[in-house]
Amino acid sequence: MTTLDRLRGPLPNDRAASWAVTVGLALFAFCLRVINLGYPRNLVFDETYYAKDAYSLIKFGYERSWPETANDSILAGNPDVMQSGPAFVVHPPVGKWLIGVGEQLFGMNAFGWRIASCVFGALLVAATIRLARRLSRSTLIGGIAGVLLTFDGLAFTMSRIALLDIFQAFFLVTAVACVVADRDWFRDRLADHLVKRSATDLGGGFGPVVLWRPWRLAAGVAFGLALGTKWNSIYVLAAFGVLSVLWDVGARRLAGADFRSWLALLADGLPAFFWMVIVAAGTYLATWTGWLTTSGGWSRDWAAQHPDEPLARTFGDALGSLFWYHKEIYEFHTGDFINGATHPYDANPAGWLLMLRPIGIDAVNDIKPGTDGCAGPENCLRVISGMGTPVLWWLALLALVVAGVWWIAGRDWRFGVPLVGVLSVWLPWFQYTDRPLFFFYAINIIPFSVIALSLVMGLLLGRSDSPHRRRGGIICGVAVALVIVNFGYLYPVLTDQLLPYHSWLSRMWLPSWI
């Protein structure tokens with residue numbers, strides 16, 4: 001291959017078909033998730049915070065406090081019982097604004113506060129397909145990634161409850177997809193530069209300085225929205241910001257810049273910092289517009305009450321108060337209160353990739369025979385378990401190991417993307433093991449690990465003319481079928497269906513799942 005061929009690396013020429021696959025699978029994922037979305041009617045798990053915060057944001061632009069009887073009032077059809085004072089909330093507002101849009105459209109009811117999660121769960125499938133297709137240069141592999149994510153139990157469950165994490169996962173995968181698209185875009189610009197000058201390579205020169213990077217701008221906005229949902233998105237921004245600049249170094253070296261390619265750390269790195277970090281910070285700040293433009297939010301008047309404090313003098317009333325509020329949030333997440341807390345579903349991140357400790361989202365236990373349709377003779381129960389599809393998670397873990405080998409030993413950059421994605425959303429949690437951590441945080445892991453698995457399946461399938469294609473197709477087909485069957489078996493414990501006790505127990509494969 002010539003230098004130009006290696007720089008361009010074009011995508012497959014089935015653009016229309018690829019979008020049909022993307023939209024079709026996303027719609028299927030949505031239909032699968034929206035079935036009986038409004039059941040159970042009550043606020044489950046942390047919906048008791050986010051659904052109410054979202055309603056308050058829509059009404060007032062900031063989160064107000066609620067009385068202890070608020071959940072009963074909401075179920076009775078009377079949600080307007082907010083108190084006049086502000087609530088101390090410990091997450092930024094983007095996810096809650098999105099939940100609030102659903103409540104505005106469909107009412108303050110279970111369907112209303114869950115529909116946004118359902119939509120973004122389907123969009124997460126679409127974003128994963130597009131990222132996997134771009135990495136693999138195969139619509140088939142992208143489609144496989146979409147099918148696998150569609151039938152993951154954790155992604156399914158998180159798409160059906162009003163928590164923040166499904167929104168964060170979508171924004172993060174979208175941001176990474178934009179970073180990878182920028183890699184292709186920049187290499188195309190280098191190739192165009194060579195063609196324009198009728199040159200085969202840069203001949204030791206540095207090449208053009210490309211300041212305008214539209215895909216990096218898009219990545220910065222997406223990272224800002226992810227940060228505006230949950231703060232730990234900053235680790236993914238840092239990891240892929242560094243990786244993106246290193247890709248620029250590699251692209252210039254491939255184009256013939258020799259040792260001058262390392263100048264990209266400054267010439268490309270500084271603009272990258274602007275497009276990704278500064279834009280993300282500006283986007284994040286914009287997500288607080290409701291709090292900034294109203295006067296009733298938590299600590300909103302702090303700077304006015306402390307005019308001599310450095311934050312107030314430096315940043316003024318609104319921003320000074322906002323920065324103080326952020327200090328309070330950080331102290332909550334790292335302080336003695338949270339570090340001294342305990343929870344029965346505490347899950348050490350060391351066990352997340354093996355799915356050792358799923359979380360119970362909702363449960364009605366000991367339903368007596370003759371009650372709620374329980375036929376007996378034993379008691380029945382209804383549960384919503386936040387658990388992945390075990391076959392998928394365990395295959396994906398093996399695929400991550402293969403991806404690491406293929407990236408480092410095989411020098412295949414594509415496998416580094418899902419691996420860096422998993423590590424950047426997983427490893428930072430180990431510094432917080434003194435506080436309760438939950439398996440549902442791993443929703444940010446599964447899109448990347450699914451992509452790793454689909455890329456490994458691409459290795460098994462090989463080229464379309466490979467003599468081993470049929471054997472690889474059988475292996476991959478059986479693996480995908482096992483994932484779907486496993487998901488179907490777990491479906492009752494993901495959707496609060498009535499089960500006799502022994503049927504529920506048969507789905508708890510490990511003692512730590514109970």
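The radius of gyration here is taken over C-alpha atoms, and the rule for a globule is 2.2 Å times the number of residues to the power 0.38. Keep that in mind for the overall shape. What we have on screen is a predicted model.

With 514 residues, the rule puts a compact globule near 24 Å, and the chain comes out at 25 Å, which agrees. If you draw a box along the principal axes, the C-alpha atoms fill roughly 80 × 70 × 40 Å. As for what is inside, the chain has 22 helices and three strands.

Now burial and surface. Of the 514 residues, 54% count as buried. The chain exposes about 21700 Å², and carbon and sulfur atoms supply 64% of that. Take the contacts between residues at least 6 apart in sequence: 76% of them join residues at least 24 apart. On charge, there are 40 positive and 36 negative ones, and their mean positions are 11 Å apart.

Helix α11, residues 234-254, has 21 residues. From its first C-alpha to its last, α11 reaches 30 Å, close to the 30 Å expected at 1.5 Å a residue. Just after α11 comes G256, with a positive phi of about 105°.

The other helix is α7, residues 139-150. Its 12 residues should span 16 Å at 1.5 Å a residue, and its end C-alpha atoms are 16 Å apart, which agrees.

G112 counts as buried because its relative accessibility is 0%. Leaving aside neighbours within four places in sequence, G112 is in contact with I99, G102, E103, F106 and G107. For a sense of distance, V173 is 61 residues from G112 along the chain, and their C-alpha atoms are separated by 25 Å.

Now the loops, where some backbone angles deserve a look. Two peptide bonds are cis. Y39 and P40 are joined by one, with omega about -5°, and P40 sits in the loop between α2 and α3. The bond from G376 to P377 is another, with omega near 5°; P377 is in the loop between β1 and β2.

Where is S299? S299 is in the loop between α14 and α15, and its phi is about 60°. S299 is buried, because its relative accessible area is 14%, and the cut-off is under 20%. M355 has phi near 55°, again positive in a residue other than glycine. M355 lies in the loop between α17 and β1. Is M355 buried or exposed? With 0% relative accessibility, M355 counts as buried.

Conventions:
Residues are numbered from 1 along each chain as its sequence is written. This is a predicted model: local features need pLDDT of at least 70, side-chain atom pairs count only at pLDDT 80 or more; totals for chains, interfaces and linings use all residues. Side-chain values use heavy atoms; hydrogens and water are left out. Helices (H or I, at least four residues) and strands (E, at least two) are DSSP runs, numbered from the N terminus. Buried means under 20% relative accessible area, exposed over 50%, partly exposed in between (1.4 Å probe, protein chains only). Contact means heavy atoms within 4.5 Å. Accessible areas come from the Shrake-Rupley method with a 1.4 Å probe; for residues, only the protein chains shown count as cover. Lys and Arg count as positive and Asp and Glu as negative; His and the chain ends are not counted. The place of a charge is taken as NZ of Lys, CZ of Arg, CG of Asp or CD of Glu. The expected span of a helix is 1.5 Å times one less than its number of residues.
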